[in-house]
Amino acid sequence: MKLSYLKSSLALLVGLSLGCRAGESKDSAASKPHLAMIDLRAGLSESSEGGALLPTPATQTYTGLIRGAERWTKDANVAGVFVRMGSQTISLARAIELSEALGALRKAKKTVTCHAHSIDNGSAAFLRESCDELWLSAAGDVETVGIAAQLTYLKGALDKLGVQADMLAIGRYKSGAEALTREGPSEPAAENLTQMLGDLRGVWLAAATRGAGDRKAALERALEDGPHTPDAARELGLVDRIGYEDEALSAAKKQAGVSEVVTVFGPGAEGQSGGSVGSALRSLLGAERGGTSRPHVAVVPMVGSITVSGSGPFSEGGITSDAYVKLIKRLREDASVRAVVVRIESPGGSPLASDLIWHQLMLTRTVKPVVVSIAGMAASGGYYIACAADHIIASPSAIVGSIGVFGGKLVFGEALANLGITSRDFPANPDPALAKRPTHLSPLSPWDDATREKVRQSMQRIYDLFLERVAEGRHKRKEDIAPNAEGAIFLAERGKERGLVDEIGGLRRAIEVARERAKLDADAGVTVESSEGSWLESLLGGEASDDAIEAALARRITERAESRLLGTQGVVREQLEQFGSVLGPMAEGESVVAALPFAIRIR
């Protein structure tokens, strides 16, 4: 790839960035009463890292939206808000948090009008609470269908293939291995999951029917009795009006008494412009993350399964200790960062990676406040990281706990033998008691009893260490944590009752607590930090050479191209997702995993 081509491509991107922000009409619109448009059709990213060539600007992350809502509440020129959902889904944790954010706008006497093409469980909890008026497309639908879990068990298929799952687990509720070793759930696992789902249903219905008054019971029934046609949804009170997006927008402008519309979040949002090519490039690349010398709070999104280096086939993105250890150390040493908010959405993964990140956070909290905000889940390794905080705040729908480990391997020896493929071991040490040790991670043969006991002892030590880390982080005794461990999962309120969570709330509250603990002003700045910083520094550093710029861009393009070629999509990815957090660390050579055995989504 030639440097001239890279430069011309970058110039085109900068030109497009400048072009889409040129002119005075939008700036002048923002300086007088207007309708603020929140466009959620492209989704909500917790992190500025993503699958595109360029990172997401900090103002366009989930943290940016929460922070923006605070500003728009105080902006006298924002007369009302229009939320553009399209067909986008939204998690229940975000639905509850965003409801609070937009609720503040409504309390400030700013009208909130929303339009969607389709509504599911999560978006229903958001839209019904957030909007003065909710519109639905005439050809849309409302797929509110209640909550259930559907788990897949592979033992029957593995038996037919001649594949043996040689697995162990520590903790009677730690059911991650059951998908491979059983044809259905164990009684403790089923009991724990059923309890958690019941709690989750209660939180969802409470969020979706808040303010319903004497219609609450009927509305709850409607929410679990979908899918509904638009007309039926209107009759049931799930939506207010049926019509096109442009009709809803016109009605919103009339309600707010304005004619101007300014996009404040989503594609084409304002607030990214700059007066030079350099500033446009920095804005386009998301370089507003960090970069301030003023005292502020740094938000660190940690999303996905946890691995050491992210080199496994299911480890694109996610939480890698190699990257986050460096990032947390940098924030600890940055005097302008007065507090750190770690925003976690993770089912867990590698115990080693979790422990390395835990250590860095524990070191950081001796220097400055560390607050954790749990979005939808901080389970197993995710909770391992979370317990290093001074204060843990969890969304009402967040899943916490799963303090336990499991591990093992899949053995393909019999399956290969059925195909005529055989193997034979040649141990260097002829001692029969030690002959199986060198090949204990081999996928061709199962463990003998002695090796299995060695693996069990290793897993027990990791489990004990997990309990010790939680106890140290939570300022409790190990004996106090043990009854809440063994792999059991809890919804946030039940986790709070058991001392695993300090407070129920969202990201806004976490930032507020961080400011209070750091003795910062209520309007102190907030940055969104990323573990992907090095290539941006190469591009934007004043002394960067042409070779450095070329290498940084080429690496970035190659990384993104490879991730798209190797990534699985659609239904296949969704089905594999529940095993991704297991396979990621195992692909890096670990045999013990601290992870939730399934993925949960409120659609």
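Reader: Which helix gives the largest share of the lining of the second largest cavity?
Author: That is α4, which supplies three residues of the lining. Keep in mind that this is a predicted model.

Reader: Which elements give two or more residues to that lining?
Author: Helix α3, residues 62–74, and helix α4, residues 92–107.

Reader: And which residues line the second largest cavity?
Author: The lining consists of I38, L40, L65, A69, V83, L98, A101, L102 and F126.

Reader: What volume does the second largest cavity have?
Author: About 50 Å³.

Reader: How many cavities of 30 Å³ or more are there?
Author: The structure has four of them.

Reader: Back to α3. Is T63 buried or exposed?
Author: T63, which is part of helix α3, is buried, with a relative accessible area of 2%. The cut-off for buried is under 20%.

Reader: What is T63 in contact with, leaving aside its neighbours in sequence?
Author: Beyond four places in sequence, T63 touches V299, L507, I511, V526 and V528.

Reader: How about contacts over the whole chain: what percentage join residues at least 24 apart?
Author: If you take contacts between residues at least 6 apart in sequence, 77% of them join residues at least 24 apart.

Reader: Overall numbers, then. How many helices and strands does the chain have?
Author: There are 23 helices and 20 strands. The chain has 603 residues, and 51% of them count as buried.

Reader: Next, sheets. What is the order of the open sheet of six strands?
Author: The order is β6-β4-β3-β2-β1-β7, and the pairing is parallel.

Reader: Why is one side of β6 and of β7 left without a neighbour in the sheet?
Author: Strands β6 (241–242) and β7 (261–265) stand at the edges and have a single partner strand each, so one side of each has no neighbour in the sheet.

Reader: How many bridges are there between β1 and β2?
Author: Six. Strand β1 covers residues 34–39, strand β2 covers residues 78–86, and the two pair in the parallel sense.

Reader: Which strands does helix α11 lie across?
Author: Helix α11, residues 245–256, lies across β1, β2, β3, β4, β6 and β7, and runs at about 165 degrees to β2.

Reader: And α5, which strands does that helix lie across?
Author: Helix α5, residues 121–130, lies across β2, β3 (111–120) and β4 (133–143). Its angle to β3 is about 160 degrees.

Reader: Something else: is strand β5 mostly covered or uncovered?
Author: Strand β5, residues 164–170, is mostly covered, with five of its seven residues buried.

Reader: How many bridges join β5 to β16, and do they run parallel or antiparallel?
Author: Seven bridges join β5 to β16 (residues 405–411), and the two strands run antiparallel. Within that pair, D166 is placed opposite K409 of β16.

Reader: Now backbone geometry. Where is there a cis peptide bond?
Author: Between G226 and P227, with omega at about 0 degrees. P227 belongs to the loop between α9 (216–223) and α10 (230–235).

Reader: What is phi of E486?
Author: Near 60 degrees, a positive value in a residue other than glycine. E486 sits in the loop between α18 (478–481) and β17 (489–491), and is partly exposed at 30% relative accessible area.

Reader: And phi of K519, positive or negative?
Author: Positive, near 60 degrees, and K519 is not a glycine either. That residue is in the loop between α20 (507–518) and β19 (525–528). K519 counts as exposed, at 74% relative accessibility.

Reader: Last one. What separates the C-alpha atoms of A108 and T73?
Author: They are 6.3 Å apart, while the two residues are 35 residues apart along the chain. A108 lies in the loop between α4 and β3 and is partly exposed, with a relative accessible area of 30%.

Definitions and conventions:
Residues are numbered from 1 along each chain as its sequence is written. This is a predicted model: local features need pLDDT of at least 70, side-chain atom pairs count only at pLDDT 80 or more; totals for chains, interfaces and linings use all residues. Side-chain values use heavy atoms; hydrogens and water are left out. Buried means under 20% relative accessible area, exposed over 50%, partly exposed in between (1.4 Å probe, protein chains only). Helices (H or I, at least four residues) and strands (E, at least two) are DSSP runs, numbered from the N terminus. Two strands pair if DSSP finds at least two bridges between them. Contact means heavy atoms within 4.5 Å. Axes are lines fitted to C-alpha atoms, for helices over the stretch in contact, and angles run from 0 to 180 degrees between N-to-C directions. On a 1 Å grid over the protein atoms alone, a cavity is a set of points where a 1.4 Å probe fits but cannot get out, and a pocket is an open set with protein on both sides within 12 Å along at least five of seven lines; lining residues have an atom within 4 Å of a point. Grid points are joined across faces, edges and corners, and a volume is the space filled by probe spheres set on the points.
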